Amino acid sequence: MIRIEWTSRAFLVLETLPQAVAFDIVRRIDLLPNFPEMGAKLDSRFAALKGYRQIIIKRNYRVIYD
């Protein structure tokens with residue numbers, strides 16, 4: 001079973017966003033246990049991010065997960 005674990009920093013940022021954006025982010029993250037590959041593979045020049053995925057929300061917000 002896949003488990004979603006929010007960081008305290010993520011919660012702080014989420015609280016500062018407009019309510020509609022925050023709800024959209026939470027709604028999309030809630031889909032990850034059933035669709036873990038829904039985000040695109042993160043193509044990064046930083047080795048620490050290799051293997052991670054990303055979800056772009058409303059063109060201005062990016063959620064990175066593994």
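1. The structure is a predicted model, in which local features need pLDDT of at least 70 and side-chain atom pairs count only at pLDDT 80 or more, while totals for chains, interfaces and linings use all residues. Residues are numbered from 1 along each chain as its sequence is written, and side-chain values use heavy atoms, with hydrogens and water left out.

2. The largest nonpolar core is made up of eleven residues, among them Leu 14, Ile 25, Ile 57 and Val 63; such a core is a set of buried Ala, Val, Leu, Ile, Met, Phe, Trp, Tyr and Cys residues joined through side-chain atoms within 4.5 Å, and buried means under 20% relative accessible area, exposed over 50% and partly exposed in between, with a 1.4 Å probe and protein chains only. Two or more residues of this core come from each of α2, β2 and β3, and α2 gives the most, with four residues. Helices (H or I, at least four residues) and strands (E, at least two) are DSSP runs, numbered from the N terminus.

3. The largest pocket has a volume of about 710 Å³, a volume being the space filled by probe spheres set on grid points that are joined across faces, edges and corners. A pocket is an open set of points on a 1 Å grid over the protein atoms alone, where a 1.4 Å probe fits, with protein on both sides within 12 Å along at least five of seven lines, and lining residues have an atom within 4 Å of a point. The lining has 23 residues, and Trp 6, Ala 10, Val 63, Ile 64 and Tyr 65 lie nearest the centre of the pocket. The largest share of this lining, five residues, comes from β3.

4. Asp 24 sits in helix α2, residues 19–30, and is buried, with a relative accessible area of 14%. The side chain of Asp 24 makes a polar contact with that of Arg 27 at 2.7 Å; a polar contact is a pair of N or O atoms within 3.5 Å, where within protein one must be able to donate a hydrogen and the other to accept it, and residues adjacent in sequence count only if both atoms are side-chain atoms.

5. In the loop between β2 (53–57) and β3 (61–65) lies Lys 58, whose phi is near 55°, a positive value in a residue other than glycine. Arg 59 lies in the loop between β2 and β3 and is exposed, with a relative accessible area of 78%.
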